[in-house]
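The sequence and the structure come first.

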Amino acid sequence: MALIVQKYGGTSVGTTERIRNVAKRVAKFRAMGHDLVIVVSAMSGETNRLIGLTKEITGSPAPREMDVVISTGEQVTIGLLSMALEAEGIPARSYTGGQVRILTDSTHTKARILAIDEENMRRDLNLGRVVVVAGFQGMDEHGNITTLGRGGSDTTAVALAAALRADECQIYTDVDGVYTTDPRIVPEARKLDRITFEEMLEMASLGSKVLQIRSVEFAGKYKVKLRVLSSFEEVGQSEGTLITVEEDRNMEQPIISGIAFNRDEAKLTVLGVPDRPGIAYQILGPIADANIDVDMIIQNVGRDGTTDFSFTVNRSEFEKAKAVLEGVKSHINAREIVGDNKICKVSAVGVGMRSHPGVASQMFRTLAEEGINIQMISTSEIKISVVVDEKYLELAVRILHRTFGLDQNA
């Protein structure tokens with residue numbers, strides 16, 4: 001018997017029929033003798049619908065009230081799934097994030113989990129119930145409803161698994177695991193049997209949409225055994241992908257585990273700023289004050305007392321960031337602000353890079369042979385990222401996937 005936390009995403013609970021299918025799946029695990037805590041997202045499309053309602057009322061809703069509205073999607077799902085479980089003859093009890101007492105900070109719409117009170121869940125588990133918890137939400141110290149940001153249900157599931165010291169946290173989605181890249185772009189992409197937390201963290205941060213980055217951080221920090229599976233396959237049909245700590249027996253692991261990409265990139269360049277100490281802060285300080293996240297940064301070599309400073313932001317914040325820079329342009333004595341919101345980021349990820357030199361040169365040569373110009377480069381111990389024109393995204397992903405031997409027939 002094991003204690004398993006399972007999370008089902010929006011497509012897995014997108015209709016009442018799919019909710020009944022989830023209940024049947026849970027019943028099979030119960031028949032094996034497992035204790036189960038189930039975390040669910042809102043039904044597919046529901047969160048977007050709720051956000052749309054808020055925009056019909058006002059263009060700038062108060063974050064506190066926004067959380068009150070968008071947290072209701074998961075509340076519907078936990079009630080319906082608990083009913084479906086009861087219909088299968090399985091005792092179940094639903095909980096909102098606040099009822100569990102998932103304590104968060106007060107940063108509405110993107111709160112962070114601070115603590116979890118597992119007492120109610122343990123009591124119900126001891127009484128033989130399946131516990132059904134609303135993902136994506138919690139409550140701050142003042143009793144306000146908070147939400148964890150997009151993909152927050154993954155984080156909820158991993159956090160509950162850590163608090164309960166569960167044997168495994170299973171993330172059920174519409175794909176059957178983590179792939180070497182998006183199969184929609186590269187049909188030859190392979191499903192990985194296992195991947196390290198480090199690699200998954202890089203993949204998530206670089207654009208892979210399989211898991212939310214904070215959930216991977218949480219799993220790595222608390223050593224939660226994390227597995228990605230498909231909710232549309234029969235129980236036991238696939239082992240999915242196990243995300244785990246790096247083990248010595250993986251010495252023969254491929255140099256590169258995957259190719260990640262992100263279309264939601266935009267680049268801003270501040271031309272002709274004085275080449276003096278503190279100029280980077282004078283540029284990025286106002287950007288940070290506007291709550292805009294910066295990704296890659298390049299400062300060119302100074303010449304004639306001036307330099308050019310480039311950085312990337314999420315494409316959705318391009319206009320906002322550009323307006324901030326225009327506001328400080330005269331203060332920092334910049335010649336011009338230019339931008340490009342038609343770029344993308346392509347990355348090669350793999351712990352094998354640590355012991356294999358030459359990955360960067362191989363990547364750059366491959367792109368050059370296809371006539372793809374690299375605009376920016378960023379590296380870490382286990383990843384190399386490049387910014388290229390968006391029109392080259394699919395070509396770059398395909399050729400790098402093949403170059404590093406990731407195709408199924410490699």
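Ala-321 is part of helix H11. In this predicted model, Ala-321 has a relative accessibility of 0% and therefore counts as buried, the limit being under 20%. Leaving out residues up to four places away in sequence, Ala-321 touches Leu-268, Ile-287, Ile-292 and Val-313. Arg-184 lies 137 residues from Ala-321 along the chain, and the C-alpha atoms of the two are separated by 32 Å.

Asn-333 sits between helix H11 (318-328) and strand E16 (336-349). Its phi is near 60°, a positive value in a residue other than glycine.

Phe-136 likewise is not a glycine and has a positive phi, of about 80°. The loop that contains Phe-136 runs between strand E6 (130-134) and strand E7 (137-139). With a relative accessible area of 8%, Phe-136 is buried.

**Helix pairs**

Two packed helices are described by the angle between their axes and the distance between the axes.

| Helix pair | Angle between axes | Axis distance |
|---|---|---|
| H2 (residues 46-57) and H3 (residues 63-70) | about 140° | 9 Å |
| H7 (residues 152-164) and H9 (residues 213-222) | roughly 15° | within 8 Å |
| H12 (residues 359-369) and H13 (residues 393-403) | about 135° | 10 Å |

At an angle of about 135°, H12 is oblique to H13. The crossing of these two helices, H12 and H13, is right-handed. On the H12 side the contact is made by Gln-362, Met-363, Thr-366 and Leu-367, and on the H13 side by Ala-396, Ile-399, Leu-400 and Thr-403. The contact of H12 with H13 comprises five nonpolar residues, three polar ones and no charged ones.

H2 and H3 are also oblique to each other, and the crossing of H2 and H3 is right-handed. Leu-50, Ile-51 and Thr-54 are the residues of H2 that meet H3, where their partners are Met-66, Val-69 and Ile-70. Sorted by class, the contact of H2 with H3 has five nonpolar residues, one polar residue and no charged residues.

Thr-54, which lies in H2, can be followed individually. Its relative accessibility is 9%, and Thr-54 therefore counts as buried. Apart from residues up to four places away in sequence, Thr-54 touches Pro-61, Met-66 and Val-69. Met-66 and Val-69 belong to H3.

How are H7 and H9 oriented to each other? Their axes cross at roughly 15°, and angles under 35 degrees count as roughly parallel, so H7 and H9 are roughly parallel to each other. H7 passes H9 in a left-handed crossing. From H7, the residues Asp-154, Thr-155, Val-158, Ala-159 and Ala-162 take part in the contact, meeting Arg-214, Ser-215, Phe-218, Ala-219 and Tyr-222 of H9. The contact of H7 with H9 divides into six nonpolar, two polar and two charged residues.

Is Lys-7 buried or exposed? Lys-7, found in strand E1 (residues 3-8), is buried, with a relative accessible area of 9%. Neighbours within four places in sequence aside, Lys-7 is in contact with Val-39, Ser-41, Ser-153, Asp-154, Ala-157, Gln-170, Ile-171 and Tyr-172. Among these, Asp-154 is one of the H7 residues that meet H9. Thr-155, another H7 residue in that helix contact, is 148 residues from Lys-7 along the chain, and the C-alpha atoms of Lys-7 and Thr-155 are separated by 9.7 Å.

**Cysteines**

A disulfide is a covalent bond between the sulfur atoms of two cysteines. How many disulfides does a search of the whole structure find? The search finds zero. Cys-169 has 0% relative accessibility and counts as buried. Cys-344 is buried as well, with a relative accessible area of 0%.

Terms used
Residues are numbered from 1 along each chain as its sequence is written. This is a predicted model: local features need pLDDT of at least 70, side-chain atom pairs count only at pLDDT 80 or more; totals for chains, interfaces and linings use all residues. Side-chain values use heavy atoms; hydrogens and water are left out. Axes are lines fitted to C-alpha atoms, for helices over the stretch in contact, and angles run from 0 to 180 degrees between N-to-C directions. Helices (H or I, at least four residues) and strands (E, at least two) are DSSP runs, numbered from the N terminus. Angles under 35 degrees count as roughly parallel, over 145 as roughly antiparallel, 65 to 115 as roughly perpendicular and the rest as oblique. A crossing is left-handed if the near helix is turned anticlockwise from the far one by less than a right angle, and right-handed if clockwise. Contact means heavy atoms within 4.5 Å. Ala, Val, Leu, Ile, Met, Phe, Trp, Tyr, Cys and Pro count as nonpolar, Asp, Glu, Lys and Arg as charged, and the others, Gly among them, as polar. A disulfide is a pair of cysteine sulfur atoms within 2.5 Å. Buried means under 20% relative accessible area, exposed over 50%, partly exposed in between (1.4 Å probe, protein chains only).
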